[in-house]
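Here is a short briefing on pockets, cavities and surface charge. Look over the model before reading on.

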Amino acid sequence: MLGTVAFTSLGCDKNRVDSEVMLGILCKNNFRIVTEEAEADFIVINTCCFIKDALEESIETILEMAEYKKIGRCKGLIVAGCLGQRYQKEIFEEMPEVDAVIGTTAYESIAEVMKQLLQGQKTIKCLTDRNQAMTEQNLRMLSTPGYYAYLKISEGCDNHCTYCIIPKIRGTHRSRSLESLLEEAEFLAKQGVKELLLVAQDTSIYGKDLYGESKLHILLERLCKIEAIEWIRLLYCYPETLTEQTIAVMAKEPKICHYIDLPIQHASDTVLKRMGRKSTQSILKEKIAKLRKAMPDIAIRTTFIVGFPQETEQEFQDLMNFTQEMKFDKLGVFTYSQEEGTAAACMEQQIEEEIKENRKDRIMELQKSISAQNCQKEVNTIKKVLVEGKLPQEDIYCGRTQKDAPDIDGLVFFSSEEELLSGDFVKVFIKEASDYDLIGEVKNEPSE
């Protein structure tokens, strides 16, 4: 064994996949993964800096982990991911505790970097072309519960929204080949994975760079043929590029959850234009109508940004009216973050933080009532639920329906006369509902 490694992964699901690949590479190269930082010879922080809060969390985590160089056995502190890619010079200047920086496309060099640290090298920069093609990812060590996993189908983004720094950090849109994704999905299925969550910066244009047009619908059809996979879930699809073929496959294939994450960001045409988004409110309404016509039971999740530069009260009210009309099943709201290096950061009439927070509170209060109404509609129905675990003190289980993605959406809390395991599928009769969660009891044996 060359050494022990503790790992902290911050930010999005796509970052999590990168972390899992690094973990797999380290294990293959005779490093042992530990959960306690005090026992680690090396500590890796896979960072995020998408918005100000994420940047601050990354910096705080680095400084916290640096303490183990004093109180633990740590002899190497490695910063990976977005913060390392964006601020490698500043990290070494302002954080002398950091020994190595690994960029967003260089994570496959993690073992080599640690071997260099073992040989006494310091301040190692490992930054490769941020636009390099994606490579195989079959060495992953899952950090999720064994029954679900994220499948990152592409990297980077071509949209260049005026508020977003991601293209400058992660490069242009690059898809993985169909063959490599199917191979990885087969590998995950053999490990016991039952639910695949497809992720990318822009999932809906998967394959356009490789094949000349979106092949997401083809990928979905092929994934559905993997016998052990029972649920397939789509995250981060841009509404304007979501194709008719993809919607048709979602409606046709029983393994594909009637669930989609559409990051809309706003509904006022003037704000969308300032954001550099390619949608209009008309396009959004049309695409949502098509999804609901094809799948009347579909759960649509979206995210909004409030307090964007120059956002007027009327533009915000347009967003409120749109929310009331669309009645999204799931909704997250961010206050605008003024990111260095973006076009929006230089715009005039930046909105005061107090106004941003007020608008966020108002729209979330509206969504709370919409969510409560949607949950009430589920009472007296029977739902297929994926068991997530048990609350031993309350003697009840919790799980998710097809309408709930892990970590971000609601749960079903239910009783069962028989012992269940995490990863089991059961049918639950819904007796009650809260604002975001459902309550019920198992009525049948675990479904096959």
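Helices are DSSP runs of H or I with at least four residues, numbered from the N terminus. By that numbering, aspartate 361 sits in helix α14. The model is predicted.

**Largest pocket**
- The largest pocket holds about 1,200 Å³ of space.
- Its lining counts 44 residues.
- Nearest the pocket centre lie Cys12, Lys14, Phe50, Tyr236 and Phe334.
- Helices α1 (13-28), α2 and α6 (166-170) each give at least two lining residues, as do strands β12 (256-265), β13 (299-306) and β14 (330-335).
- The top contributor to this lining is α1, with four residues.

**Cavities**
- There are two cavities of 30 Å³ or more.
- The second largest cavity has a volume of about 40 Å³.
- Its lining consists of Asn15, Asp18, Met22, Asn46, Ala80, Gly81, Gly103, Thr104, Tyr107 and Arg170.
- Two or more of these residues come from each of α1 and β4 (76-81).
- Helix α1 has the largest share of this lining, three residues.

**Negative patch**
- A surface patch of negative charge brings together Asp53, Glu56, Glu57, Glu60, Glu64, Glu357, Asp361 and Glu365.
- Both α2 (52-66) and α14 (353-376) supply at least two of the patch residues.
- Helix α2 provides the largest share, five residues.
- Helix α2 also supplies at least two residues to the lining of the largest pocket.

Definitions and conventions. Residues numbered from 1 in each chain as written. Predicted model: local features only at pLDDT ≥ 70, side-chain atom pairs only at ≥ 80, totals over all residues. Heavy atoms only, no water. Patch = residues over 30% accessible without salt bridge, like charges linked within 9 Å, V, L, I, M, F, W, Y side chains within 5 Å. Areas by Shrake-Rupley, 256 points an atom, 1.4 Å probe, with all protein chains shown as cover. Salt bridge = Lys/Arg side-chain N within 4 Å of Asp/Glu carboxyl O. Lys, Arg positive; Asp, Glu negative; His and termini not counted. Charge placed at Lys NZ, Arg CZ, Asp CG, Glu CD. 1 Å grid on protein atoms, 1.4 Å probe; cavity = no way out; pocket = protein on both sides within 12 Å on 5 of 7 lines; lining within 4 Å. Points joined across faces, edges and corners; volume = space filled by probe spheres on them.
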